[in-house]
Amino acid sequence: MHLRRWAAALLAAFALVAAGATPAQAAPRILYYDAGQAQEFVSVVNQGANIWNARVANVQLRPVPSGRTPNIRVLADNGWPRTQTTSLGNGRWWMGREAVNDGYYPPRIAAHEFGHILGLPDRRTGLCSDLMSGSSAPVSCTNANPSAAEIAAVEANFRSALVKAPQTYVWQIAG
């Protein structure tokens, strides 16, 4: 009796593989962000979240619903943009007016800072095509989209319950 059940299960699994079926994809991890203190940058923060949401499947950034504690708090101040993570997917970041006033593209800043929350470090490559190159790319850079490698890294970060130590990232002028 057990042998028949085992054989039937094995045959069913083989049939799925032969038919090209894949296992159901896990639901994405939802991270809630609060842009209530982002002042004039709320729409830019939402744009940065939407950039990531359109490109990754394992994690999604959503505005925090009423009554829920956010994973991410976004603030605005007169300094440089910066992020403090408490763990993967959790922390706070600042939309610093200094970078905006210097001419850096606000949606790129927002997507970059969300990138830190999603586990990406600064990569000072100087390339506009690398979102995480940050301020090492020219001020004229308006690319707010992550590269294929950055997308793959975020997908890998949220494929499992990866734990990352707290970090602080500060947007700096390339020197």
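Modeller: Buried means under 20% relative accessible area, exposed means over 50%, and partly exposed lies in between, with a 1.4 Å probe and protein chains only. The model is predicted: local features need pLDDT of at least 70 and side-chain atom pairs count only at pLDDT 80 or more, while totals for chains, interfaces and linings use all residues. Residues are numbered from 1 along each chain as its sequence is written, and side-chain values use heavy atoms, with hydrogens and water left out.

Biologist: Why is Ala27 called exposed?

Modeller: Ala27 has 69% relative accessibility and therefore counts as exposed. Ala27 belongs to the loop between α1 (2–18) and β1. Its C-alpha atom is separated by 9.8 Å from that of Gln60, 33 residues apart along the chain.

Biologist: Is Gln60 itself buried or exposed?

Modeller: Gln60 is buried, because its relative accessibility is 10%. Gln60 sits in strand β2 (residues 59–63). Beyond its neighbours within four places in sequence, Gln60 is in contact (heavy atoms within 4.5 Å) with Pro28, Arg29, Ile30, Leu31 and Asn53.

Biologist: How many helices and strands does the protein have, and what makes a run of residues count as one?

Modeller: There are five helices and six strands. Both are DSSP runs numbered from the N terminus: helices are H or I with at least four residues, and strands are E with at least two. From the N terminus on, the order is α-β-α-β-β-β-β-α-α-α-β. Of the 175 residues in the protein, 43% are buried.

Biologist: Why are helices α2 and α4 called oblique to each other?

Modeller: Angles under 35 degrees count as roughly parallel, over 145 as roughly antiparallel, 65 to 115 as roughly perpendicular, and the rest as oblique. Helix α2 (residues 42–53) and helix α4 (residues 106–117) pack at about 60 degrees, with their axes 8 Å apart. The pair is therefore oblique.

Biologist: Which residues make the contact of α2 with α4?

Modeller: From α2 come Val44, Val45, Gln47, Gly48, Ala49, Ile51 and Trp52, and from α4 come Pro106, Pro107, Ala110, Ala111, Phe114 and Gly115. These residues divide into ten nonpolar, three polar and no charged. Here Ala, Val, Leu, Ile, Met, Phe, Trp, Tyr, Cys and Pro are nonpolar, Asp, Glu, Lys and Arg are charged, and the others, Gly among them, are polar.

Biologist: How do you know that Trp80 is buried?

Modeller: The relative accessible area of Trp80 is 14%, so Trp80 is buried. Trp80 is placed in the loop between β3 (72–77) and β4 (82–87). Trp80 and Val170, 90 residues apart in sequence, are 6.8 Å apart in space, C-alpha to C-alpha.

Biologist: What makes the pairing of Trp80 with Glu98 a polar contact?

Modeller: A polar contact is a pair of N or O atoms within 3.5 Å; within protein, one must be able to donate a hydrogen and the other to accept it, and residues adjacent in sequence count only if both atoms are side-chain atoms. The side chains of Trp80 and Glu98 make such a contact at 2.8 Å.

Biologist: Why is Gln39 called partly exposed?

Modeller: Gln39 has a relative accessible area of 49% and is therefore partly exposed. Gln39 lies in the loop between β1 (29–37) and α2. Its phi is near 50 degrees, a positive value in a residue other than glycine. Most residues other than glycine have a negative phi.

Biologist: What makes Ala54 count as exposed?

Modeller: The relative accessibility of Ala54 is 61%, so Ala54 counts as exposed. Ala54 is in the loop between α2 and β2.

Conventions: Axes are lines fitted to C-alpha atoms, for helices over the stretch in contact, and angles run from 0 to 180 degrees between N-to-C directions.
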